[in-house]
Amino acid sequence: MTTSTALRAAVDAAVRPPTTRVIVVIQQKGGSGKTTIAINTAACSGRSAVQSDDGVSSVVAAGTDVQGSLEKWCSAVREDALPFDYVVTRGRVGILSELVQDPSRRRFIVDTPGFMDVDPDAEWGEDPLGQSPVADALREVLELADLAIVPITPSKITWDEAEFTIERVLKPRSIPFLVVINMHDPGKDKGETQLNKVKAWVDERNYPRVSDPIRRYTIHEHAYENGAVVTEYKMSGTALNAREDFMRVALTMEQML
Ligand SMILES: Nc1ncnc2c1ncn2[C@@H]1O[C@H](COP(=O)(O)OP(=O)(O)O)[C@@H](O)[C@H]1O
Ligand SMILES: [Mg+2]
C-alpha cells in the first residue's frame, strides 16, 4: 500500500481507547447514498447512545470531502436536534487520527467522497486510489477503519463500483465490510423483483449485508434543505419506516464491531 510517511506517522500515533470504533461509508460511485447513510446512521447511533451529563456526544460524524457536504447538512440542523457531533476534515490529513484518541468518543462514522480518479491501469493487488489529496484523505480513514459500510442500489448502476470498492480497496486492507441496499422503492418495486435481484447479486458474492433495504422516500431527498436527520423527521408513517431502516443499519453495524 502506498502510504506517505506523514500519514503513517499520524496513524501510528493514534493510540485508540479500546471502546472506539471507526466506521467508513465508502463506494466509488457518487449518488449511491453515502452522505445520507453516514448522517442518518450517526443520528440513530447517537439517539441510542448512553447519555453523559457533559453534553459531549459519544458519536461523531466526520466528512472528508472537499465540498464539505456533511458539514453543510449538519450545520443546517438545529443544534438540539442533532444527536451527534460532527467534524469536517475537508480532506486534511491528521485530524481524524488525533480525534480518535479522545476516550469520550466511541463511534466515528465517516462519509467519503466518490473516488473517480482511481488509476485505471493499477495492477490487480496494487492500491488503485492513486495520488491526490482525496486519495490521501481516504487512505487515512481506511487505515483507521474497523468497518466499512458499502451502499448499493437496486439499479445496476452502482453494482460494479460496489464490487470494485470491496475487492480492490477493502479486501486488500482486510477491512470488514457490510453492504446496505439503498433506495428500494416500495411503491414502484411492489413485487420486489429488483430488490431480489440485488440481494441475490450480493449473496452470490458472499458479501455480508443488512437484511432489509433502506427504502426510497421523498422526505430523504428534502432532508438536507429542511435541515433534518431521520430521527427528527416530523412524525408520520413514512417517518417511522424511514427511521426503522436506518436504525437497522445502526444495529447491524454494532453487531459487526
Ligand atoms: N433512501 C433514499 N431515499 C430517497 N432519496 C435518497 C435516499 N438515499 C439518498 N437519496 C438522495 O440521493 C441523492 C444522493 O445521495 P447522497 O447521500 O448525496 O449520495 P453520495 O453521498 O453517495 O453521493 C441525494 O439527493 C439524496 O437525497
Ligand atoms: Mg456524498
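In which handedness of crossing does α1 pass α5? The crossing is right-handed, a label used when the near helix is turned clockwise from the far one by less than a right angle. Helices here are DSSP runs (H or I, at least four residues), numbered from the N terminus.

A word on the ground rules: this is a predicted model, where local features need pLDDT of at least 70 and side-chain atom pairs count only at pLDDT 80 or more. Residues are numbered from 1 along each chain as its sequence is written, and side-chain values use heavy atoms, leaving out hydrogens and water.

Back to that first pair. Helix α1 (residues 5-13) packs against helix α5 (residues 133-144) at about 30°, with axes 10 Å apart; axes are lines fitted to C-alpha atoms over the stretch in contact, and angles run from 0 to 180 degrees between N-to-C directions. The two are therefore roughly parallel, the term for angles under 35 degrees. Leu7, Arg8 and Val11 of α1 touch α5 residues including Asp136 and Arg139, where contact means heavy atoms within 4.5 Å.

Now look at helix α2 (residues 34-47) and helix α9 (residues 237-256), which pack at about 75° with their axes 8 Å apart. That makes α2 and α9 roughly perpendicular (65 to 115 degrees). Among the residues that meet here are Thr36 and Ile37 in α2 and Arg243 and Phe246 in α9.

Thr36 also turns up at ligand 1: it is one of the closest of 15 surrounding residues, along with Gly31, Lys34, Thr35 and Asn182 (a heavy atom within 4 Å). A backbone N or O atom of Lys34 sits 2.9 Å from an oxygen atom of ligand 1.

Note on methods
Chains lettered and ligands numbered in written order. Parallel < 35°, antiparallel > 145°, perpendicular 65-115°, else oblique. Polar contact = N/O pair within 3.5 Å; in protein donor to acceptor, adjacent residues only side chain to side chain.
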